[in-house]
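Have a look at the structure first, then read on.

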Amino acid sequence: MADQSPAWAREIARHVLADALPGRWVHTQGVAAQARAVGPLLGWNTDLIETAAWLHDIGYAPALAVTGLHPLDGARYLRDRTNAAPAVCTLVAHHSGAVAEAAERGLSEPLLAEFPLNGHSGDQVIAITYCDFTTGPGGERLSPEKRITEILSRYEPDSPVHRAVQASAPRLLGQCREVTAALRASKRA
Ligand SMILES: [Fe+2]
């Protein structure tokens, strides 16, 4: 059976990130904690979203980085080197506006051909993106608006990441605001 438990994912992420990229490892732990905290309130498949949260940034690890598009590198590693369930690979491939960065890097075709999105995975991509965009570099909680400002400040204006985040920010912020509204409603209920 394909692997997709959070405990399995945590150990892969620890293995590739903890020593090589300790900052990403701290951020990753915060994103996973956010998935675990809000998933049950929103009716998410919390195990799946937490699993994707643990794995979403493994493509930054030097041992895995091939194309420079970390969602694609991470998803390919999971597909080719682990027994990851296809749903997990899809979420890693598409988290946090990966499509926009793929376009900047000329990698839209392989991303979409190898990891096609279907209607159901769209909502789950929004879930993992929300967890990522409400978690800062140190694992702290912050608003999606502040997170996007923080990302833009870390990358040069002409870098693919900066351009992609700037282009996709209105769409991603709109999605995050809908999740925030649903979360508020769930707490009132
Ligand atoms: Fe990421």
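This is a predicted model: local features need pLDDT of at least 70, side-chain atom pairs count only at pLDDT 80 or more; totals for chains, interfaces and linings use all residues.

**The iron site**

Let's start with the metal. Three residues supply the protein donors of the iron ion: D57 through OD, H70 through NE2 and H95 through NE2. Along the chain, the donors are spaced as D-x12-H-x24-H. D57 and H95 tie together distant parts of the chain, since they are 38 residues apart. D57 belongs to the loop between α3 and α4, while H95 belongs to the loop between α5 and α6.

**Helix α5**

Helix α5 spans residues 86-94 and is mostly covered, with seven of its nine residues buried. The buried ones are V88, C89, T90, L91, V92, A93 and H94. What do they pack against? Their partners are α3 (46-55), α4 (70-81), α6 (98-105), α7 (108-114) and α8 (119-133). Just past the end of α5, S96 has a positive phi of about 55 degrees.

Helix α2 covers residues 22-42, and helix α10 covers residues 160-188.

| Pair | Axis distance | Crossing angle |
|---|---|---|
| α2 and α10 | within 9 Å | roughly 70 degrees |
| α2 and α8 | 8 Å | about 125 degrees |

Why do α2 and α10 count as roughly perpendicular? Angles of 65 to 115 degrees fall in that class, and this pair crosses at roughly 70 degrees. α2 passes α10 in a left-handed crossing. On the α2 side, V38, L41 and L42 do the touching, and they meet V179, A182, L183, S186 and K187 of α10. Sorted by class, that contact has six nonpolar residues, one polar and one charged.

With α8, the angle of about 125 degrees makes the pair oblique. This time α2 passes its partner in a right-handed crossing. The α2 residues involved are H27, V31, Q34, A35 and V38, which meet I128, Y130, C131 and D132 in α8. By class, the contact comes to six nonpolar, two polar and one charged. V38 of α2 turns up in the contact with α10 and again in the one with α8.

E101 is part of helix α6. Its relative accessibility is 9%, so it counts as buried. Leaving out neighbours within four places in sequence, E101 is in contact with G68, L69, P160, V161 and A164.

R163 is in helix α10. At 34% relative accessibility, R163 counts as partly exposed. Which residues does R163 touch, not counting those up to four places away in sequence? They are E104, P157 and D158. R163 and E104 are 59 residues apart in sequence, yet their C-alpha atoms are 7.5 Å apart in space.

Technical notes:
Residues are numbered from 1 along each chain as its sequence is written. Side-chain values use heavy atoms; hydrogens and water are left out. Buried means under 20% relative accessible area, exposed over 50%, partly exposed in between (1.4 Å probe, protein chains only). Helices (H or I, at least four residues) and strands (E, at least two) are DSSP runs, numbered from the N terminus. Contact means heavy atoms within 4.5 Å. Donors are N, O and S atoms within 2.8 Å of the metal (3.2 Å for Na, K and Ca); water is not among the atoms, so sites may look incomplete. Axes are lines fitted to C-alpha atoms, for helices over the stretch in contact, and angles run from 0 to 180 degrees between N-to-C directions. A crossing is left-handed if the near helix is turned anticlockwise from the far one by less than a right angle, and right-handed if clockwise. Ala, Val, Leu, Ile, Met, Phe, Trp, Tyr, Cys and Pro count as nonpolar, Asp, Glu, Lys and Arg as charged, and the others, Gly among them, as polar. Angles under 35 degrees count as roughly parallel, over 145 as roughly antiparallel, 65 to 115 as roughly perpendicular and the rest as oblique.
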